[in-house]
Every structure is written in C-alpha cells, then in structure tokens.
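Biologist: I would like to learn how to read a fold, starting from one residue and moving out to the whole chain. Where do we begin?

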Amino acid sequence: MIKKTTKYIAQKPVLRSILSLSIPIILANIIQSMYQMTDSFWVGRLGGAALASVSICSPIIFLAIALGVGFAIAGSTLVAQYFGAKNYSMVSHSAAQTLLLITFISIIFSSIGYIFAPQILSLMGANSEIFAMALGFLRVSFLAVIFNFSFFMFQSIMRSIGRPQIPVLIVAITALLNFILDPLFIFGWKAIPGFGVQGAAVATLFTQGIAAIIGLAILFGGKYGVDLKIKHFIPDFKFMKKAFWIGLPTSIEQSSRNFAMTLVISLVASFGTTAVASYGAGMNINQVAIMVGVGLAIANGTLVGQNIGAKRLDLAINISKINALISFVVLSFLGLLSFIFSKNLISFFIPNDPMVIQGGSNIIRIVSLSFGFVGLHMSYSNVFSAAGLTKIPMYLTIFSQWFFQIPLSFFLSKYTPLGVNGIWIALPLTNILGSIVAYVLYSKGSWKKSKIIEHNPTV
C-alpha cells in the first residue's frame, strides 16, 4: 500500500520545487552520461580507430532508445497529472500499463537492431578499419536496450511523483560499477579474456540489467508513491492506446532527433576517422550540457504536469517562466566554461592524439556558446509534453533539424571552404532558431487548454 506520507512536490514554493526536483535529475543524468564517457575513456586507450568505432555506434543506439522514450514520457505525463489530482490508484495503473507497453516495444527494437546491425553500420559509412569493432559493440548494445527502456521508465515514474533521489543512487552505483568493469572486459584480467571494444558494451549490459531489476523491485515494494501489483499488468488496451497516441509524437520527435544525429555523423564520416573521433570526443562534452538542460526540462514538465492535474494553471505558468530563465543562465555558464577549457576537456578522453584533441576542442569552441538556447528550447518543449500536446515538440524538432540543420550542414561542409567545420557551425545556428520558434509557440498559450485525464475514475 502507498504510504500516506507521499510527497506532493507541486505544493512547495516554486523555486524550491524546481531546485529540489531538478538537482537530483541533473545529477542522475550527468552520472548516466558517464556510461558513454567511461566507454570513451577506456576505449580511447586502444587508439583513435577504436574510439571512432564507438562514436559511430552512439547515434544508432540513441536512435533505438529514442523510439521507446516517447512512450515512457507519455507514461510519466499521465502519472504526473494523476498524481497532481491525488488519484493514486490511477498512478499505479498508469505506471504498470506503460511499463507493459514499453517492454513490448523494446523487445521488438532490440531484435531488429541485433539482426540488422551489419547493414546499419554499412549505411552509416563505417569503413573496414572500424567495422568489425563497431559491429561487436553495437550488437551487445542492442541487447541492453530492454534494460535501458525499463530503467528509463522507472526513472520517469519516480520523477513524476517527486522522488528523483532514488534513481540517482541506483545510477551512481551502477555507473561506478561500469567504470570498474569496463577495463576488465576491454583489456581482460587473469582468467577473464579481453573483448576489446565489445567489452565496453558487455559492461553496460551487465550494469543496466542490475539497475532495471532494482527499479522494478522498488515499484513492486509500494513504499515510494507507486504500489504495483500483478493485477495492474492485466492489459488495459484502452489505456494503452491512449498512452500510445500521447507517446507516439514524442517517440517520433526523439527518433527524428537521433536519426538526424545519425545522418550528421554519416556526413562527418565522409571526412575520415580523425573527424569521427573528434566528433565523438566533442559530443561527450556537449552531452554533459544537454543532460543539465534535460534535467531542468524534466523538472519543468513534472511540475507543470502536476499543477495541470491539480487545476493550478497560474502556478504552472509561473513555474515554466522561472524554469526557462534558470535553464538559459545555467547552460550559458556551462558553455562559457567549455569554451575556455576546451582543449583540457578533450585531452581527458584522447590524451595521445594531437589531431583529435585539436579537432574536438574546435567543435566545443564553435558549439558551446549556444548552450543557453538549448536550455530554452527544451524547457518550453517540455511544457507542451506535460500538457499532453506532444505533437508540437515533434513538429518543432522536425522543422529545426530536418529542414534546417541537416541541409545547412551538408551545404556548408560540401559546397563552401569551411569543410567539416560547416557541420559544427550548423549546430549552434539550429539551437538558436529552435529556441526562438519554441518560445513563439509557447507564448500562444494553446497548452493551457489541454486536457488528457479525467478527475474522477479509479482502477
């Protein structure tokens, strides 16, 4: 049974609510990003080609995960609004049904990715120097997708009910374990053989499996705001259909974003292995800033969703404005630090390759000063998601990336003297444009009239 002491975070003062929810989410996201950084750190010791094999796989893995992320976000939106309405039976029902939905989806994606991994890498332009290493890494990574989906859903549920601290602890433990296991499986030790690049994916598979099991155990424990029972997993096709149609646009948005990244890295690959390795190292730093922005945006969406469920639209508006300001200031500061210390940051990952250090630091200097606009874009987009208007962020992403970033990247890199730098320049321009359009749509206020839950049903 759910404890009576379950927190209702939306009742706290605005700034306190934002900070108490966003800080643990940011910490969890940064620690979670350590998985990729850990892989880059240890694999980088095998050389530039090994790092390039991981870098070329990253957008493919993110694309696969993104296809299911939308449904997890749909579940968290419904959970947050029912939690705000204090309908706790529907909180548990929503959590169980979206877990059921996302498990089914993850099995399909994992199977397809594993089978067609060679063809995917060929389409990505992986050359003979890195193909075999990339294939082993990618196939094991696809096996981990099921655990990734499950734990992401667990995180979303905990955040939606104002309990973001719990996933932080789990992520911290498994990230530390991953850092220990990475060199063990990559290089080998005594009776344990080294698997090379593939070993990094094996370590991730193992640790993500542990995280998913712990998360499910907590949800079934009933002590933290959700009390799952076997009966909650009896398929409710009407509810699952509702969650599907809320989540589908976000799934398309996320997959479109990551598919665009896949096309970008394919374009980068046409400039050689050094360019791919530089991109991988540079994007590691970019990823940290994005994770901070994502944390603030998720906090924004959770609080807005809870207040919509509680019929406190005035507070939802106030939260969204304050959150946008915080996001812009914090990410702009991170961008300035990244600009100043760009070479030091890249050297941490590739200490013995001057060409990659130079290329990666160049990427950071070009992209970093637009980090604040990334924060604005994500903050406003999550307001629409919290209100159930997930088509708006989808359209915004498709417009900014498919009709602007990709064509501009191709034109600047192939038809101007900028070369590969044209790809890097297109990214900050896209960030600025996306934030402007998101603000205009937010200001129109259509999200204030959205209704996706009923305030009286129980299950």
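**From one residue to the chain**

Modeller: Thr98 has a relative accessible area of 1%, and because buried means under 20%, Thr98 counts as buried. Bear in mind that this is a predicted model.

Biologist: In which helix is the place of Thr98?

Modeller: Thr98 belongs to helix 3, which covers residues 88-115.

Biologist: With which residues is Thr98 in contact, leaving aside its neighbours within four places in sequence?

Modeller: Contact means heavy atoms within 4.5 Å. With those neighbours set aside, Thr98 touches Phe71, Gly75, Met153 and Ala243.

Biologist: What share of contacts in the protein chain, between residues at least 6 apart in sequence, join residues at least 24 apart?

Modeller: The share is 81%.

Biologist: How many helices and strands does the protein chain have?

Modeller: There are 16 helices and zero strands. The radius of gyration is 21 Å, close to the 23 Å from the globule rule for 459 residues, so the protein chain is as compact as a globular protein of that length. Its C-alpha trace spans about 60 × 55 × 35 Å along the principal axes.

Biologist: What percentage of the residues in the protein chain is buried?

Modeller: Of the 459 residues, 58% are buried. As for the accessible surface, the protein chain has about 18500 Å², and carbon and sulfur atoms account for 71% of that area.

Biologist: How many positive and negative side chains are there, and how far apart do the centres of the two sets lie?

Modeller: The protein chain carries 29 positive and 9 negative side chains. The centres of these two sets are 11 Å apart.

Technical notes
Residues are numbered from 1 along each chain as its sequence is written. This is a predicted model: local features need pLDDT of at least 70, side-chain atom pairs count only at pLDDT 80 or more; totals for chains, interfaces and linings use all residues. Side-chain values use heavy atoms; hydrogens and water are left out. Helices (H or I, at least four residues) and strands (E, at least two) are DSSP runs, numbered from the N terminus. The radius of gyration is taken over C-alpha atoms; the globule rule is 2.2 Å times the number of residues to the power 0.38. Buried means under 20% relative accessible area, exposed over 50%, partly exposed in between (1.4 Å probe, protein chains only). Accessible areas come from the Shrake-Rupley method with a 1.4 Å probe; for residues, only the protein chains shown count as cover. Lys and Arg count as positive and Asp and Glu as negative; His and the chain ends are not counted. The place of a charge is taken as NZ of Lys, CZ of Arg, CG of Asp or CD of Glu.
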